[in-house]
Amino acid sequence: MNLHAKRAKELAQLFFETVRKEGLAPTVRRAAGFARRRLRTKKGRFLPPEAVLAAQRAADTAGWPVVSICVPLYNTPLPFLREMVASVLGQTCPNWQLCLADASDAQHAQVGEYVQGLGEGRIRYVRVENRGISANTNEAAKLATGDYLALLDHDDVLAPNAVYEMLRAARATGAAFLYSDEALFEKDPAHATVGHFKPDFAPDYLNCCNYICHFAVFSREMFWQAGGLDPACDGSQDHDLFLKLSERCAPVHVPRVLYFWRVHAGSTSAGTQAKPYVAEAAKRAIAAHLARTGALGRVADGLFPSTYKVEYEIPGAPLVSILIPNKDHADDLDRALRSVYEKTDYAHFEVIVIENNSTQKETFAYYEAAQAAHENLRVVRWDGPFNFSAINNFGRRHAKGEYLLLLNNDVEVQNGAWLREMLSLCCQPGVGIVGAKLLYPDGTVQHAGVVTGLGGFAGHSHKYARGDGSGYMFRLATVQDFSCVTAACLLCRASVYDAVGGLDEGFAVAFNDVDFCLRVRKAGWRVVYTPYAQLTHYESKSRGLDEKGEAKRRFDGERARLEARYTRAALTRDPYYNPHLTLDREDFSESDVLPRYEALG
């Protein structure tokens, strides 16, 4: 079999395996996007144009700080070592120092010989006893005199603009901790295979996996204040460090690919199976972070390797008021209520059904039966025209709970822990809203968080993906920070609901949840999604936008209201998304038209 035929067979196997895992439609969309990107450019799509690099080399950076790049060396293959060093020597900004701690054995003396033979004054080198990656990296950091430190693995490479971009961002923001996007490569960084496009700082995501990873730059003083790297967390030492640093300051995200991570059999980029102790070290790091911040909970394995779950304690037994608007559709309401009462393992809740202009006598008979069957269920009557926001605001006035759960009547609870999982997050300091994973009846995703800007205004993360998949960078399968979640199942502190004035009744049908979440975030609260609360949403997959008559005029008016309040520019720059990802699809695929390099700021 020739190489072309072998590659074709591998691609076919990959395609059918992806179809099996993710479903046909998402696979076809992803393949189409990949084909468009391959047509656009086959080489260097993550690298800036040469004109940009030339302008950076010509810039006056004499007054900029210096970053000391710390690398622990251990039996490093010389080709990898040469590429790593060359990537530092080739930086467009000269304000760097390369600090190397070499723990190679006697059979790899050529490592030190190569470095010492370079004759570059900005390279500092020391031989050390091999005491593990954390201790060895700390020895490299002791050589540093720069204002900032950065970590670089001995077999990876930096983009030529890495130092320039990070120091420019540090000067512009005053940040003491910054991180960039990254890409994976096998042989040549110019032919990188996969980009890792990250959100801005997402603390709940960081508790579940080390999404920050590479390229991280941070204050040298703060590094030592945090105790440096902890040998007890070897394998997840970076994750541990980032958690410690994030306790001292919020890191700034620089949305550029500045680091190229080599994929080979022994690297963590090839999978945690290469280093099985990583998971235990990560759980120790997260548990220590919880202890330092006073959070009460335990750390468990997540749904996929390299992911983790914090199981927070719920202080006391706060009452949750479940608000369910309803008009007729007694069968749907009965399915929803049966699932709540039969499956929910958190008992301290009340249900308020908000009756809105039902006409079928069977509906009112059902209300009577439901109230007789459940002493914690009440039906209250809203006689005005349908207005989702006004109906829920009316229901809130009847609620006694410390927490309010907005719930559609066309959902069905799937796991007993759903409410407890949502509440355990919502009661954490700084969290104002929690949303759930909603699936269509066929098991594909209806909602897993909301991204503003998708489709022009707002769209659901991972829509139509397989519900049991991991999603993009585990974002479907871990607790996540998002800008918004859907009001089809939304838990909120009652005090926060009241503080922002509840739902805006100017959004009668559309975008009321988006607007509400954005106002809650503006008030300083986080919005969180959890995959551990799972419900089926019986909304039709084929349901489209309101495209006719009065419904269309109302939808267009509410869309215009949203844009007027937040501006199109703000809506299309969701901090928990990335400008390199598409706004045309919900699958987190790379944008078919990458943003202009200089437009990223």
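Residues are numbered from 1 along each chain as its sequence is written, and side-chain values use heavy atoms, with hydrogens and water left out. Because the model is predicted, local features need pLDDT of at least 70 and side-chain atom pairs count only at pLDDT 80 or more, while totals for chains, interfaces and linings use all residues.

Start inside. The structure holds one cavity of 30 Å³ or more. A cavity is a set of points, on a 1 Å grid over the protein atoms alone, where a 1.4 Å probe fits but cannot get out. The largest cavity has about 50 Å³ of space; a volume is the space filled by probe spheres set on the points. Its lining residues (an atom within 4 Å of a point) are D204, N207, C208, K309, V310, Y312, L425 and V479. Strand β11 (residues 308-312) gives the most to this lining, with three residues. Strands (E, at least two residues) and helices (H or I, at least four) are DSSP runs, numbered from the N terminus. The lining has five nonpolar, one polar and two charged residues. Here Ala, Val, Leu, Ile, Met, Phe, Trp, Tyr, Cys and Pro count as nonpolar, Asp, Glu, Lys and Arg as charged, and the others, Gly among them, as polar.

Now turn to two helices. Helix α12 (residues 330-343) packs with helix α13 (residues 361-373) at about 20°, their axes 10 Å apart. Axes are lines fitted to C-alpha atoms over the stretch in contact, and angles run from 0 to 180 degrees between N-to-C directions. The two helices, α12 and α13, are therefore roughly parallel (angles under 35 degrees). In contact (heavy atoms within 4.5 Å) are A330, L333, D334 and L337 of α12 with T363, Y366 and Y367 of α13.

Next come charges. The structure holds 38 salt bridges (a side-chain nitrogen of Lys or Arg within 4 Å of a carboxyl oxygen of Asp or Glu). One of them joins E139 and K142, at 2.9 Å from N to O. Both lie in helix α6 (residues 133-142), three residues apart, about one turn of the helix.

Finally, look at the backbone. Most peptide bonds are trans. H214 and F215, however, are joined by a cis peptide bond, with omega about 0°. F215 lies in the loop between α8 (203-206) and β8 (216-219).

Definitions and conventions:
1 Å grid on protein atoms, 1.4 Å probe; cavity = no way out; pocket = protein on both sides within 12 Å on 5 of 7 lines; lining within 4 Å. Parallel < 35°, antiparallel > 145°, perpendicular 65-115°, else oblique.
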